[in-house]
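Here are a few exercises to work through with the model on screen. Have a go at each task before you read its solution.

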Amino acid sequence: LTPLVNIAMHHMDLMDALNVAFLVGGCLYWWPMVGLDPNLHWRMGYGARIANLALGVPFEAFLGVVILSQANPIASMYSLQSTHAGGGLLWSATELSTFAGVIPIFLQWIRSDERAGARADARADRAFEAKELAERARDVDVRATPVAVTAATVETGSTGVDRFRPLFQPGNSAWEEMWRAKAGYVPGRGPANGGNGGAPKT
């Protein structure tokens, strides 16, 4: 909409530079929205991508409508008919490119939700399996400990375990057997009951 277009059309190097600038700007605009390669520093959400596409529509559509309603050619080598055709092409291409851009973004959004759900299910399954394995290992340890102690006692003949073996025999009180094992007598018991009348042995 400025005289720069007419000047650039008479200096093709400048026009090429303008076209390259437009191309780079368009790539930078579309890359974070439809590109599969993640950006190193930030990543735009899928809702923000669609909103960004929608925000860009009015500006390009407005430009196309203004060019379409021009009363004079946009450059001296253009006709008024070609100027209007360019404005209509810009307007329609804006709508088509936006619609075409929404489709892959929407599909990526759906697939990302499916992948996120699959990852959450996998994490839940791994946590459940780890919990089951821990419970099984704990049950095995609880069941194996008495067997291991008994086997160790049989093999080594541990006197520490043998001293407290009466505790596991029926008919003996725990505190009585503990006292008998440590002191050699039970307080308050007569000699007939395994003590010596409450006095320590000499």
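**Exercise 1: the largest pocket**

α1 (4-10), α2 (12-34), α3 (46-68) and α4 each supply at least two residues of the lining of the largest pocket. Helices here are DSSP runs (H or I, at least four residues), numbered from the N terminus. This is a predicted model: local features need pLDDT of at least 70, side-chain atom pairs count only at pLDDT 80 or more, and totals for chains, interfaces and linings use all residues. Residues are numbered from 1 along each chain as its sequence is written, and side-chain values use heavy atoms, with hydrogens and water left out.

Task: find which element supplies the largest share of the lining of the largest pocket.

Solution. Step one: start at the centre, where Val-5, Met-15, Phe-22, Ile-67 and Ile-74 lie nearest among the 17 lining residues. Step two: go through the helices, and α4 comes out with the largest share, five residues.

**Exercise 2: the salt bridge**

Task: find which side chains meet in a salt bridge (a side-chain nitrogen of Lys or Arg within 4 Å of a carboxyl oxygen of Asp or Glu).

Solution. Step one: search the whole structure, and one salt bridge turns up. Step two: name the pair, Arg-136 and Glu-132, at 3.9 Å from N to O. Step four: check accessibility, where buried means under 20% relative accessible area, exposed over 50% and partly exposed in between (1.4 Å probe, protein chains only). Arg-136, at 53%, is exposed, while Glu-132, at 30%, is partly exposed.

Note on methods
1 Å grid on protein atoms, 1.4 Å probe; cavity = no way out; pocket = protein on both sides within 12 Å on 5 of 7 lines; lining within 4 Å.
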